[in-house]
Every structure is written in structure tokens, then in C-alpha cells.
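This report is written for a reader who is meeting this structure for the first time. It begins with a single residue and then widens the view to the strands and cores around that residue.

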Amino acid sequence: MAMMEPLDEAVDHLRGAATGRLLVEYGDFECPYSRRAFREIEIVLGRPGAEVRFAFRHFPLTEIHPHALAASAAAEAAAFQGRFWDMHDLLFHRQKALEDDDLRFYASELELDLQRFDRDRKSPAALERIERDVRSGIESGEVLGTPTLFIDGVVHRGSYDADVLWEALT
């Protein structure tokens, strides 16, 4: 049973309960399956009594998704302005519109500083942050595509349907 790199609260993007079971998604903003998993995870996080922490780790499949890396960089640039989750949600909700102009439009919609956003998404810091996630996925030996989910550090090979996830998490 392979394990994933432990959560680093200073680096990983986290939402949900302060304590509780940990659900991690290695995802690609251009992947339709990652989008579906995101929607199911939203349902789980919204359930009453959901003691679940959720972390998203980047795993852009650049060979089949030409906009995935730029979308991840846009999310990281938004993170530098404290808006990672807002951008994360927008990117999945508008997955079919991930061209450069679209990304800038989302940043303006979130009222980000656009000059800083443009600078940050092309910065070594953003790329290094994405590469850290990709590396941790590869090193786990379990992340071969997206989405790949882990529960408390152990890969979850079952369905990512909300009811199945809920059962695995409770």
C-alpha cells in the first residue's frame, strides 16, 4: 500500500474542517474527470457533520491537456493573493474556457491585481509549487492519471461518487 507525501499545512491548499479525515485530490483543471470529482467532493464537504479536510494538489497532464499547466499557474498566482480556492472553483466550473484571455478575465472577476497575477503565474515560484505537487504524486507510485484521490494518505481506488466517498470518510 503506497503512501502519499504527508500534508504540509504551510504549503498545501486546504479547505473544510480544521480537523478530521483528510481527502487529497491530485487533479488537472482541464480534465473532465477531475471536474466531476471536484463536484462530488463539494457535495461531501457540504454535508452536515462533514469532518473532512480537503487538499488539492496539481497534476497537470500536459501531453493531453494543453491548458492544464497554465490553469494551475493561474491558480497559484491567485494563491499569492489569497484567492486559490476561488480560482480553483472558477477553473473547474469554466473548464472549457482556459485560454490566456479567459484566465485573465477570471483574475479580474476575482478583483486580483492583474499586473501581479500576470507576473506571478509566469514566476519560478508558481512553477516550483506545481512541480512539487507533481513530484509528490509521481513519488507515491499511485498517481498515474487524474483524478487520483487519497484518504488519510492512502490511495482511494473506489468511485469518487459523493456517497462512496462519504462512506469511505465516515
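## A residue at the sheet edge

In this predicted model, H156 touches L149, F150, I151, V164, L165 and A168, when residues up to four places away in sequence are not counted. H156 belongs to strand 5, which covers residues 154–156, and its relative accessible area is 15%. Because the limit for a buried residue is under 20% relative accessible area, H156 counts as buried.

Five strands, in the order 1-3-2-4-5, form an open sheet with mixed pairing. Its edge strands are strand 1 (13–16) and strand 5, each of which pairs on one side only. On average, and with direction ignored, neighbouring strands of this sheet are turned by 30 degrees against each other.

Strands of a sheet pair through backbone hydrogen bonds, in either a parallel or an antiparallel sense. Strand 4 and strand 5 are paired in the antiparallel sense over 3 bridges, and in this pairing L149 stands opposite H156. The hairpin that these two strands make has 2 residues between the strands, and D152 takes a positive phi near 50 degrees there. Strand 4 also pairs with strand 2 (residues 21–27), again in the antiparallel sense, over 4 bridges. In that pairing E25 stands opposite L149, while L23 has I151 as its bridge partner.

## Strand 4 and its two faces

In a regular strand the side chains alternate between the two faces of the sheet. Strand 4 is covered on both faces, with T148 and F150 buried on one side and L149 and I151 buried on the other.

T148 lies in strand 4, which spans residues 148–151, and it counts as buried at 4% relative accessibility. Leaving aside residues up to four places away in sequence, T148 touches V24, E25, Y26, E142, V143, V155 and R157. The side chain of T148 also reaches the backbone oxygen of G145 at 2.7 Å. The C-alpha atom of T148 is separated by 16 Å from that of F92, a residue 56 places away along the chain.

## Helix 1 and the cores

Helix 1 (residues 32–46) lies across strand 1, strand 2, strand 3 (52–58) and strand 4, and it runs at about 160 degrees to strand 2.

The largest nonpolar core has 33 residues, and those with the most contacts inside it are L23, M87 and L91. At least two residues of this core are supplied by each of helix 1, strand 3, helix 2 (68–79), helix 3 (84–93), helix 4 (100–109), strand 4 and helix 7 (162–169). Helix 3 provides the largest share of this core, with 6 residues. L23 itself touches I41, V52, R53, F54, A55, L149, F150, I151 and L169, not counting residues up to four places away in sequence. A second, separate core of 11 residues includes L7, L22, F59 and V155.

How values were computed
Residues numbered from 1 in each chain as written. Predicted model: local features only at pLDDT ≥ 70, side-chain atom pairs only at ≥ 80, totals over all residues. Heavy atoms only, no water. Buried < 20%, exposed > 50% of the residue type's maximum accessible area, 1.4 Å probe, protein only. Contact = heavy atoms within 4.5 Å. Polar contact = N/O pair within 3.5 Å; in protein donor to acceptor, adjacent residues only side chain to side chain. Pairing = 2+ DSSP bridges. Axes fitted to C-alpha atoms, helices over the stretch in contact; angles between N-to-C directions. Core = buried A, V, L, I, M, F, W, Y, C linked by side-chain atoms within 4.5 Å.
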